[in-house]
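Let's take a friendly walk through this model, from its domains to its strands and cores. Please have the viewer open as you read.

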Amino acid sequence: MKRPASSEAGLLLLSGSVAFSIFEKNQRLAKSTFNPSDIRRKAIDQVGVEERSARFQTRSIKAKAKIQGLKMALNMIDLTTLEGKDTEGKVRQLCHKAAHLHDSTPDLPNVAAVCVYPTFVKLAKSLVGDKGIKVASVATAFPSGQSFRKYKIDETKEAVAEGADEIDMVISRGRFHQGDYAYVYDEISAVKEACGKARLKVILETGELGNLDAVHYASQIAIAAGADFIKTSTGKIKPAATMPVTLVMLEAIRDHYYATGKMVGMKPAGGISNAKLALHYLIMVKETLGEAWLSNQWFRFGASSLANDLLKQLVKQESGIYQSANYFALD
Amino acid sequence: MAKTTKENKWELSPAPESTGHISIKKRYDLFIDGKFVAPSTKKYFDSINPATEEDLTQIALAGEKDVDKAVKAARKAYDTVWSKTSTAERGKYIYRIARLIQERAREFAVIESLDGGKPIRESRDVDIPLAAAHFFYHAGWADKLDYAFPNSDPKSIGVVGQIIPWNFPLLMAAWKIAPALACGNTVVLKPAETTSLTALKLAELIQDAGLPNGVVNIITGAGETGQALVGHSDIDKIAFTGSTEVGKMIRRSLAGTSTRLTLELGGKAANIVFEDAAIDQAVEGIVNGIYFNQGHVCCAGSRLFVEESVADEVVRKLKHRMDHLIVGDPLDKNTDVGAINSKGQLQTIENYLKAGQKDGFEMYQSKVAVPKKGYWCKPTLFTDVSQSSIISKEEIFGPVLAMQTFRTIDEVIDKANNTPYGLSAGVWTDKGSKIFNLTTRLKAGVVWANTFNKFDPSSPFGGYKESGFGREGGIHGLSAYLKLQD
């Protein structure tokens with residue numbers, strides 16, 4: 001492919017049809033059409049990113065804006081359990097919580113989705129499917145992604161067949177570090193195709209990428225390969241989501257929007273456990289992308305303990321009193 | 001950007017900083033010889049809050065007699081006390097002032113915002129902490145001047161007259177007073193007439209610090225008071241920060257005298273963005289460069305040069321960022337851009353806006369609402385201006401950015417230097433070699449690389465050409481307050 005004339009249009013390069021033509025018939029990998037030089041790698045200035053991130057945190061969110069923000073954040077949560085020791089019992093409890101965050105407080109929204117391992121998708125779907133709560137499943141040998149592509153594709157397909165509305169895949173970080181960007185790209189587009197109607201969140205695992213330039217480049221690759229959402233982390237690696245990392249990814253989303261007019265979602269995951277920080281993330285989204293992104297269609301928090309702090313703050317706004325953590329259910 | 005629907009509209013609620021903890025007297029006298037004294041003129045002028053146009057207090061108008069009294073007090077304090085005080089003791093007093101500023105930082109920040117119109121975010125996070133930092137930094141030098149200037153036998157100068165502007169009232173007072181005291185001089189300081197309050201609060205604080213009477217005197221008034229100070233025969237040095245026009249007048253009036261002079265004057269800084277720069281961060285730097293403190297900054301990056309290949313992207317992102325600046329109540333913690341300092345300055349800025357439009361340049365202003373009362377100017381961008389236009393030649397001293405495109409490095413260096421000023425400049429590129437090439441060829445006192453408007457007491461600040469001479473801050477700044485043997 002030729003490099004587009006306008007530098008901003010660097011992200012336009014791969015139309016859907018080209019991307020999907022990679023996978024034909026028996027999904028044998030055809031020669032990749034992805035040429036890494038088609039994407040203009042952008043300079044990222046870490047100091048500048050950190051300063052901008054710090055400035056979002058000086059925003060003071062009070063009164064009405066706070067209540068609205070807290071409710072919005074609750075409604076954006078992917079309530080998550082991703083542990084080796086997960087059981088049906090655990091998933092049942094999580095799903096109940098997702099639909100009954102704090103029944104003593106009226107007018108609370110539900111969370112956006114529950115996020116589980118593929119084997120629990122069917123169960124979760126049966127419990128929350130009729131409550132307007134989506135079921136997200138991790139896939140592609142989560143969290144390491146170190147497996148053969150055919151298994152990743154199969155895992156994705158099975159999760160979707162079991163009823164997953166959304167797939168959270170991981171990229172092959174090892175291949176990324178090897179410089180095999182085409183592999184990373186092709187894999188994402190293969191999984192995207194396997195997703196069918198399910199929306200695809202692409203986890204970059206930014207804590208393993210090493211620097212912000214790499215985060216930005218990985219974001220560009222994921223978006224070009226067809227990601228519906230880009231997501232920071234699995235939650236298994238530290239650091240997980242940080243504001244600077246999220247800002248760089250939001251800026252990649254903005255560049256794509258400028259170039260194509262198409263919106264891509266963002267999901268920071270891991271490490272966002274208090275309400276104040278969540279509100280500052282929303283400020284960052286508002287000021288970087290605009291209010292159109294302030295819905296769970298375009299923004300999610302991957303978190304397990306955030307919900308209770310949001311609830312605690314909401315109850316405090318209404319009653320004036322902070323309640324003990326014992327009043328808010330675990331899970 | 002994508003459309004906002006009713007459901008996801010999210011407006012911030014007011015978050016005002018409280019004013020309950022501050023006290024402002026009904027009227028302020030002159031601070032001479034350690035005491036507050038009424039002016040001989042018996043006249044007081046109003047000081048108003050530019051965000052509401054309401055009266056804050058009344059400030060004494062110092063006449064020639066008062067200036068003379070202040071200079072005499074400073075001379076006496078120099079001869080009898082301060083020049084005889086050990087350098088370590090001098091340092092202790094300055095440390096004490098620094099600590100007291102930190103302790104009362106919130107009070108100073110609120111008053112600075114009330115009096116000058118700057119957002120509390122800036123007075124709280126920039127002005128007041130930096131003012132304290134300047135006192136701390138110079139306190140450390142007080143007993144180490146021999147090491148700063150080895151074999152030069154540094155000696156104090158005597159009585160120093162200092163005149164400061166209205167854009168960073170307390171910070172400029174600190175820039176002036178701290179090095180003067182550390183070097184063993186006594187001071188007569190005149191703040192700008194629209195922003196005298198924090199200087200007078202500083203006078204109260206200096207009393208609390210127990211600084212010997214007459215070492216620092218603060219007299220208030222307008223241009224005539226300043227003129228009387230400059231013209232006084234017993235002043236050993238004048239340090240002035242302000243407009244180039246007034247700076248020229250001062251220099252003329254001191255010609256042929258033995259009075260020393262340093263001037264920190266206007267600027268029209270070039271902020272240069274190359275194609276290879278981190279564009280999103282550069283846009284943030286452009287905003288910090290021109291909209292910081294409503295553009296009332298002598299080193300503001302008011303001329304933006306963008307490599308033509310990325311001009312569209314920069315402009316689009318810049319406009320997006322401008323639309324997210326919050327303009328309004330300076331005391332609201334979320335305000336990014338506050339009130340214009342005075343009615344006169346607003347008029348000046350508006351005249352430039354008209355001139356720019358008359359020249360046919362496209363003007364973009366932030367899509368924000370501004371309050372009805374008070375003095376306001378929306379953040380403004382003129383795109384595709386030319387080097388020969390008034391708005392790219394003259395210092396506007398407001399939130400007005402004039403953008404030009406360029407093609408080659410030589411071209412942009414020539415254009416950046418093609419100005420009577422030379423205070424600061426900014427360079428945005430991912431390439432280190434480009435930075436060094438530009439920093440050596442740009443004729444500006446400060447060149448920031450991949451950042452803008454960064455200040456530190458240890459870093460000398462000052463200008464080339466009509467931006468003045470002499471440096472403030474760092475070892476260079478100390479030398480302006482010392483007699484040094486060659």
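Into which domains is chain B divided? Chain B has domain 1 (27-265 + 465-483) and domain 2 (270-449), with bounds that come from an automatic or database domain assignment. This is a predicted model, in which local features need pLDDT of at least 70 and side-chain atom pairs count only at pLDDT 80 or more, while totals for chains, interfaces and linings use all residues. Residues are numbered from 1 along each chain as its sequence is written, and chains are lettered from A and ligands numbered from 1 in the order in which they are written.

The C-alpha centres of domain 1 and domain 2 of chain B are 30 Å apart. Where the two meet, 20 residues of domain 1 of chain B are in contact with 24 residues of domain 2 of chain B; contact is counted when C-beta atoms, placed from the backbone, lie within 7 Å. On the domain 1 side, α3 (105-116) and α4 (120-141) of chain B each supply at least two residues.

Now for the strands, which are DSSP runs (E, at least two residues), as helices are (H or I, at least four), numbered from the N terminus. Two strands pair if DSSP finds at least two bridges between them.

| Strands | Sense | Bridges |
|---|---|---|
| β12 (270-273) and β13 (303-307) of chain B | parallel | four bridges |
| β1 (27-28) and β5 (54-60) of chain B | parallel | two bridges |
| β4 (44-49) and β5 of chain B | antiparallel | six bridges |

Within these pairs, Asn271(B) has Leu304(B) as its bridge partner, Tyr28(B) stands opposite Ile59(B), and Asp46(B) stands opposite Gln58(B). β4(B) and β5(B) form a hairpin with four residues between them, and Glu53(B) in the turn has a positive phi of about 65°.

Finally, the cores: a nonpolar core is a set of buried Ala, Val, Leu, Ile, Met, Phe, Trp, Tyr and Cys residues joined through C-beta atoms within 7 Å, where buried means 20 or more other C-beta atoms within 10 Å of a residue's own. The largest has 172 residues, and Val114(A), Val202(A) and Ala222(A) have the most contacts inside it. Its largest share, nine residues, comes from helix α10 (residues 243-260) of chain A. A second, separate core of 88 residues includes Tyr93(B) and Phe168(B).

How values were computed: A residue is buried if 20 or more other C-beta atoms lie within 10 Å of its own, exposed if 12 or fewer, and partly exposed in between; C-beta atoms are placed from the backbone.
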